[in-house]
Amino acid sequence: MDLSNLLPSVIDIARASGQVILDIYQRGQFEKQVKNDNTPVTSADLAAHKLVVERLSELTPDIPVLSEEDAAVPLSERRQWQRYWLVDPLDGTQEFIAGSGDFATIIALVADNQPIMGVVYAPISGVVYYAYDGKGAWKITPEGETVRISTHKHELPTQSIAVAISRRQDIQAITNRLDPSLNYDLVPLGSAALKSCLVAEGAVDCYLRLGPTGEWDTAATQCIVEEAGGRILNTHLTPLSYNERDTLENPNFITLGDESLPWSTILTPDNRMMEV
């Protein structure tokens, strides 16, 4: 499979999904429901889901599509997939509802349990982040300029550590997981994908996520972050897995920009053993 030929079409699909979401967002008229896991879903999520699944299925009819909004596929079926699309049509649904603008469409291509392509599109800013296996990580600006991105190489102890956190995260829960002898700048944002992309482009040093997320929240950004020089690991500092468990829920995780920092002590050992 030639990923370079596939990529422009995937970016187009992400942008088309983002436009559907943006149209609904700007009208301010949408329906909201609560799913079985007590998370919200809106008519914008479902409209974007329909578009992305239809367009990806047309683009690659032989590759299954697994979307957050249609994820009830048993492992017995999923484990037969050598490749599949893993999609969150609207990452940041709570931010969409709240009107903050921090949301995105994210699309990953996973092969042999590892993401090999990732595309993230932020409709409000018009920014696209993308990467594919071995070709680096890139950002398309609203003006159409394509620039290579890379993580920030940090210098301790002269610099504080910039930590992206969820806008609705309990800040005390975050600070309890960090070495209190160091200095931190906390940067709140909505979409999980956009926070990891901030790490990929060197705007922050890490993103610590405590609480439930799905594999669709991290697959695309894992490809982007790793191609930019970083890692996404669980809070025991081991890699995330894809399509290998009955559940599609991620553990708590951290997106790292500079892997050479002493993360095993930055994430204090006693607290790393606690899953929130």
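1. Axes here are lines fitted to C-alpha atoms, for helices over the stretch in contact, with angles running from 0 to 180 degrees between N-to-C directions. This is a predicted model, in which local features need pLDDT of at least 70 and side-chain atom pairs count only at pLDDT 80 or more, while totals for chains, interfaces and linings use all residues. Residues are numbered from 1 along each chain as its sequence is written, and side-chain values use heavy atoms, with hydrogens and water left out.

2. The axes of helix 6 (residues 192–200) and helix 7 (residues 215–228) come within 9 Å and cross at roughly 10°, helices being DSSP runs of H or I with at least four residues, numbered from the N terminus. The two are therefore roughly parallel to each other, a label for angles under 35 degrees. Their contact (heavy atoms within 4.5 Å) involves Ala-193, Ser-196, Cys-197 and Ala-200 of helix 6 together with Thr-221, Ile-224, Val-225 and Ala-228 of helix 7.

3. Helix 1 (residues 3–27) and helix 2 pack at an angle of about 160°, their axes lying 9 Å apart, and they are therefore roughly antiparallel to each other, the term for angles over 145 degrees. Residues making this contact include Leu-6, Val-10 and Ile-13 of helix 1, and Ala-44, Ala-48 and Leu-51 of helix 2.

4. His-49 belongs to helix 2, which spans residues 43–59. With a relative accessible area of 15%, His-49 is buried, meaning under 20% with a 1.4 Å probe and protein chains only. Leaving aside neighbours within four places in sequence, His-49 is in contact with Ser-67, Glu-69, Asp-70 and Pro-89.

Technical notes. Buried means under 20% relative accessible area, exposed over 50%, partly exposed in between (1.4 Å probe, protein chains only). Angles under 35 degrees count as roughly parallel, over 145 as roughly antiparallel, 65 to 115 as roughly perpendicular and the rest as oblique.
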